[in-house]
Amino acid sequence: MPDSRPDSRPDSAPRAVPATPRVLQVGPLKDSLAETLQAKYDALVLPSADGAERAGFLATHGADVTAVVTSGRTGVDAALMAALPALGAVINFGVGYDTTDVDAAAAAGIGVSNTPDVLTDCVADTAVGLLIDVLRRFTDADRYLRAGRWTVDGNYPLTRQVSNTRVGIIGMGRIGGAIAKRLSAFGCTIGYHNRHRVPDSPYRYAATPVDLARDVDVLVVAAAGGDGTRGLVSADVLDALGPEGYLINIARGSVVDEAALVTALQQGRLAGAGLDVFVDEPNVPVELLRMDNVVLLPHVGSGTVQTRAAMEALTLRNLDEFLATGRLVTPVLQPGARV
Ligand code: 8YV
């Protein structure tokens with residue numbers, strides 16, 4: 001999961017001001033957010049990429065669009081930015097913005113915002129929930145009971161203790177830190193790998209993911225997605241974790257070599273996995289569906305009523321601030337900060 005980039009670039013001239021500035025919704029959004037965009041901002045909705053209407057829509061409206069509201073599911077690529085010449089800001093519902101081309105945005109002076117902090121607790125809760133579920137096999141034990149096996153086959157097999165395990169966290173940002181704090185209360189020993197060592201961190205730093213994986217029972221992935229972390233959890237990392245090791249991923253599917261993960265699980269080279277995210281959502285490798293030592297969630301990390309309402313409110317604060325002042329409240333990149 002990404003942290004905000006520092007807003008350190010010098011501002012430059014604003015982009016062209018269209019006759020009728022418009023807000024554009026790109027991709028599906030939470031119902032109440034989409035309704036507010038319609039009712040309060042008279043927002044346009046971009047036709048889906050696979051339909052024939054998109055080119056005509058962009059030819060008619062593209063030059064009027066000053067702000068896009070999107071989510072990590074969809075984002076805005078360089079081609080869409082080029083078709084929106086007056087675009088000043090991409091406002092992202094969600095902390096992860098790996099589907100938006102931030103380099104192209106920076107080059108064009110387009111701002112990008114996300115929704116940090118408000119979802120940290122829920123995503124960290126999800127990581128800990130998955131970890132407990134996978135090690136104690138609660139979901140599988142539930143299946144066992146429902147299938148009537150308790151009465152026929154007797155007690156469920158013994159499982160792996162959670163308290164006092166050694167946990168490695170890849171990505172020690174806000175969410176990684178919140179996971180570490182929770183697991184410290186379980187008596188776990190925490191290590192981490194991060195692009196940079198975190199100053200004053202009480203946790204042991206590992207210079208590489210392999211070094212981290214070698215010394216832990218559970219590896220938790222909490223790093224931002226995108227090109228910088230693609231395949232960071234490689235076959236070598238999974239082998240370092242080993243046949244008694246578990247993988248938890250609440251970040252982005254792209255951070256893990258998913259094919260290598262499937263193979264390692266199939267060959268018993270990994271004890272189990274808890275996954276909230278996948279490379280090609282909502283498609284999940286069919287091999288995983290048949291494994292009892294794997295817990296699979298449909299990307300629900302931040303999915304509570306309270307957290308999604310807070311994400312929606314922060315998304316709208318960014319939009320309002322941009323429309324009123326040309327600035328963003330929680331910028332990844334401020335508008336006009338060209339490189
Ligand atoms: C949301 C997320 O599911 O914030 C993120 O990066 O992955 C989740 O909180 C997502 O943003 C909704 O599209």
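I began with residues 128–301, where the chain is 34% helix and 16% strand, and the end C-alpha atoms are 11 Å apart. Over residues 60–332 I read 38% helix and 16% strand, with the end C-alpha atoms 30 Å apart.

**Entry on the model.** I am reading a predicted model, in which local features need pLDDT of at least 70 and side-chain atom pairs count only at pLDDT 80 or more, while totals for chains, interfaces and linings use all residues. Residues are numbered from 1 along each chain as its sequence is written, and side-chain values use heavy atoms, with hydrogens and water left out.

**Entry on the ligand.** Which residues come nearest to the ligand? Of the 13 around it, I found V95, G96, R252, H299 and S302 nearest (a residue counts as near if one of its heavy atoms lies within 4 Å). The shell divides into five nonpolar, five polar and three charged residues, with Gly counted among the polar ones.

Next I checked N and O atom pairs within 3.5 Å, the cut-off for a polar contact. A backbone N or O atom of G96 lies 2.8 Å from an oxygen atom of the ligand. For F93, a backbone N or O atom is 3.3 Å from a ligand oxygen atom. S71 uses a polar side-chain atom, 3.4 Å from an oxygen atom of the ligand. On its own the ligand has 330 Å² of accessible area, and the protein covers 92% of that (Shrake-Rupley method, 1.4 Å probe).

**Entry on the backbone.** I found a cis peptide bond between E281 and P282, with omega about 5 degrees. P282 belongs to the loop between strand 11 (272–275) and helix 12 (286–289).

What is the phi of D42? I read a value near 50 degrees, which is positive in a residue other than glycine. D42 lies in the loop between helix 1 (31–41) and strand 2 (44–45).

Note on methods:
Polar contact = N/O pair within 3.5 Å; in protein donor to acceptor, adjacent residues only side chain to side chain. Helix = DSSP H or I, 4+ residues; strand = E, 2+ residues; numbered from the N terminus.
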